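This report covers selected sites of one model.

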Amino acid sequence: MNKITPAVFLEKKQRGEKLVLLTAYDYLLAKIEDEVGIDGILVGDSLGMILMGKENTLPVSVDIMVHHTSCVSGAVKNALVISDMPFLSYQISAEEALRNAGRLVVEGGAQAVKLEGPGSKFGTAIRKIIDAGIPVMGHIGLTPQFVLEIGGYKVQGRSEECRERLKREAKELEELGCFAIVLECIPKDLAKEITESLNIPTIGIGAGPDCDGQILVCYDILGWGKSRFAKTYFDAKAEIKKAFEQFVEEVRNGKYPEEKHSYT
Ligand code: KIV
């Protein structure tokens with residue numbers, strides 16, 4: 001299996017091969033994802049909600065992202081490791097954006113970064129990061145770092161005005177040099193239109209089947225998913241609960257440890 005790079009993402013789009021991505025936040029799951037041949041592993045700032053139990057992704061810091069990115073990158077041989085730029089790590093200035101993207105690469109071992117929002121707001125930051133040699137993945141549609149402005153996690157691109165804006169934003173991100181764009185929670189016909197209008201691949205999450213690839217939060221396929229687009233492939237949540245219940249019971253009733261679990 002060959003190392004996946006942003007150039008491979010482009011080649012796969014040109015060949016009509018679907019790209020498959022999952023999030024990972026730790027060594028153990030990242031290693032399994034890499035072993036099954038996933039194209040890209042995103043260390044998403046969704047870890048703020050999923051691992052840290054926060055209400056949204058806004059409290060996630062660059063230090064936290066660097067820590068989790070280094071856990072993931074240490075496990076991965078082939079997949080492209082993409083690290084999310086968290087809230088306020090690229091919004092303040094292009095210089096800070098490059099410094100923070102650099103930390104994710106140098107300290108975390110990321111091979112690309114992702115940031116949310118349009119080129120009209122963050123174009124200078126995006127260009128500065130790309131000019132320094134760090135590939136950037138865009139992210140439009142539902143952008144969770146704008147949750148306070150949006151007022152919740154809602155499907156985007158339903159009105160004609162919003163559809164036109166999203167089409168424009170996708171084109172602008174391509175022109176800025178992004179190597180791929182995540183399309184989150186938009187109607188499937190809009191995602192199809194955007195995908196067909198771009199040379200770079202689109203990676204959908206809740207954006208229908210016509211994107212060039214799909215990404216899901218790893219826990220959304222392991223029994224923790226609540227959104228409409230999540231699918232449980234294995235109910236790890238239920239199985240883990242069963243194992244914990246059994247351990248509690250066996251310690252309490254003296255069944256664990258057995259003779260073979262003890263040293264003489
Ligand atoms: O943070 C994240 O996990 C993401 C994906 C949902 C695309 O941005």
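Asn100 is located in helix H5, which spans residues 94-106; helices here are DSSP runs of H or I with at least four residues, strands are runs of E with at least two, and both are numbered from the N terminus. With a relative accessibility of 12%, Asn100 counts as buried. Buried stands for under 20% relative accessible area, exposed for over 50%, and partly exposed for what lies in between, with a 1.4 Å probe and protein chains only. Leaving aside residues up to four places away in sequence, Asn100 touches Val62, Met85 and Ser89, where contact means heavy atoms within 4.5 Å.

The model is predicted: local features need pLDDT of at least 70 and side-chain atom pairs count only at pLDDT 80 or more, while totals for chains, interfaces and linings use all residues. Residues are numbered from 1 along each chain as its sequence is written, and side-chain values use heavy atoms, with hydrogens and water left out.

Phe234 sits in the loop between strand S8 (213-216) and helix H10 (236-252). Its relative accessibility is 47%, so Phe234 counts as partly exposed. Beyond residues up to four places away in sequence, Phe234 touches Ile221, Leu222, Gly223 and Glu239. Phe234 and Ile221 are 13 residues apart in sequence, and their C-alpha atoms are 6.7 Å apart in space.

In helix H9 (residues 188-197), the buried residues are Leu190, Ala191, Ile194 and Thr195. Viewed down the axis of H9, these buried residues fall within an arc of 135 degrees, so they line one face of the helix; the arc is that of the directions from the helix axis to the C-beta atoms. The buried residues of H9 pack against helices H1 (6-15) and H8 (160-176), and against strands S6 (180-184) and S7 (202-205).

Around the ligand are Thr23, Leu42, Gly44, Asp45, Ser46, Asp84, Lys114, His139, Ile205 and Val217, each with a heavy atom within 4 Å of the ligand. By class, this shell has three nonpolar, four polar and three charged residues, with Gly counted as polar. The table gives polar contacts, that is, pairs of N or O atoms within 3.5 Å.

| Side chain | Distance to a ligand oxygen atom |
|---|---|
| Asp45 | 3.1 Å |
| Ser46 | 2.5 Å |
| Lys114 | 2.9 Å |

On its own, the ligand has 260 Å² of accessible area, of which the protein covers 95%; the areas come from the Shrake-Rupley method with a 1.4 Å probe.

Methods: A polar contact is a pair of N or O atoms within 3.5 Å; within protein, one must be able to donate a hydrogen and the other to accept it, and residues adjacent in sequence count only if both atoms are side-chain atoms.
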